[in-house]
Amino acid sequence: MDSLQDIMGRKNFTPPDEMIAIKDYVQRRYNKPCSVRLERDALILSVRGSALAATIQLERNGLIEACGLKQKLVIRSGG
């Protein structure tokens, strides 16, 4: 049986490239901070303000193509 230290030593804690790409895209395009987290099979993008969230939602397909996303993208306001 593996010890907890062995299991945690093999785990990769670096964030997926998609998360970094989304943060860079929002920062470049809207000059606003955001947070991205991975939950099960979806990427959760949280931004401050419903206006920004709505704008990103309208341009969602462009963001998905520009960042090369393969997972579901959920956009939330108030983050």
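Reader: Which residue in the turn between β1 and β2 has a positive phi?

Author: In this predicted model, β1 and β2 form a hairpin. Two residues lie between the strands. The turn residue with a positive phi, about 50 degrees, is Arg-40.

Reader: In what sense do β1 and β2 pair, and over how many bridges?

Author: Ser-35 stands opposite Ser-46 in β2. Leu-38 has Leu-43 of β2 as its bridge partner. The pairing sense is antiparallel, and the number of bridges is six.

Reader: In what sense do β2 and β3 pair?

Author: Ala-42 stands opposite Lys-72 in β3. The two strands pair over six bridges. The sense of β2 with β3 is parallel.

Reader: What distance separates the C-alpha atoms of Leu-43 and Lys-72?

Author: Lys-72 is among the contacts of Leu-43. The two residues are 29 residues apart along the chain. Their C-alpha atoms are separated by 6.1 Å.

Reader: Which element gives the largest share of the largest nonpolar core?

Author: This core has 18 residues, and Ile-22, Leu-45, Ile-56, Leu-63 and Leu-73 touch the most other members. Elements giving two or more residues are α2, β1, β2, α3, α4 and β3. The largest share is five residues, and the element is α2.

Reader: Which residues does Ile-22 touch, not counting residues up to four places away in sequence?

Author: Ile-22 is one of the core residues that touch the most other members. Nonpolar side chains tend to be buried together in soluble globular proteins. The residues touched by Ile-22 are Val-36, Leu-43, Leu-45, Leu-63, Cys-67, Leu-69 and Leu-73.

Reader: How many disulfides does the structure hold?

Author: Cys-67 is in no disulfide. Its nearest cysteine sulfur is that of Cys-34. The number of disulfides in the structure is zero.

Reader: Which parts does the salt bridge of Arg-29 and Glu-59 tie together, and how many residues apart are they in sequence?

Author: The side chains of Arg-29 and Glu-59 meet at 3.0 Å, N to O. Glu-59 is partly exposed, with a relative accessible area of 28%. Arg-29 lies in helix α2 and Glu-59 in the loop between α3 and α4, so the pair ties together parts whose separation in sequence is 30 residues.

Reader: What is the N to O distance in the salt bridge between Glu-39 and Arg-37?

Author: A search of the whole structure finds two salt bridges. Glu-39 is partly exposed, at 36% relative accessible area. Arg-37 is partly exposed too, at 35%. The side chains of Glu-39 and Arg-37 meet with an N to O distance of 2.7 Å.

Reader: Where in the chain is confidence lowest, and where is it highest?

Author: The chain averages a pLDDT of 89, and 92% of the residues score at least 70. The lowest confidence is in helix α1, residues 4-10, at a mean of 77. The highest, at 96, is in α3.

Notes
Residues are numbered from 1 along each chain as its sequence is written. This is a predicted model: local features need pLDDT of at least 70, side-chain atom pairs count only at pLDDT 80 or more; totals for chains, interfaces and linings use all residues. Side-chain values use heavy atoms; hydrogens and water are left out. A nonpolar core is a set of buried Ala, Val, Leu, Ile, Met, Phe, Trp, Tyr and Cys residues joined through side-chain atoms within 4.5 Å. Buried means under 20% relative accessible area, exposed over 50%, partly exposed in between (1.4 Å probe, protein chains only). Helices (H or I, at least four residues) and strands (E, at least two) are DSSP runs, numbered from the N terminus. Contact means heavy atoms within 4.5 Å. A disulfide is a pair of cysteine sulfur atoms within 2.5 Å. Two strands pair if DSSP finds at least two bridges between them. pLDDT is the predictor's confidence in each residue, from 0 to 100. A salt bridge is a side-chain nitrogen of Lys or Arg within 4 Å of a carboxyl oxygen of Asp or Glu.
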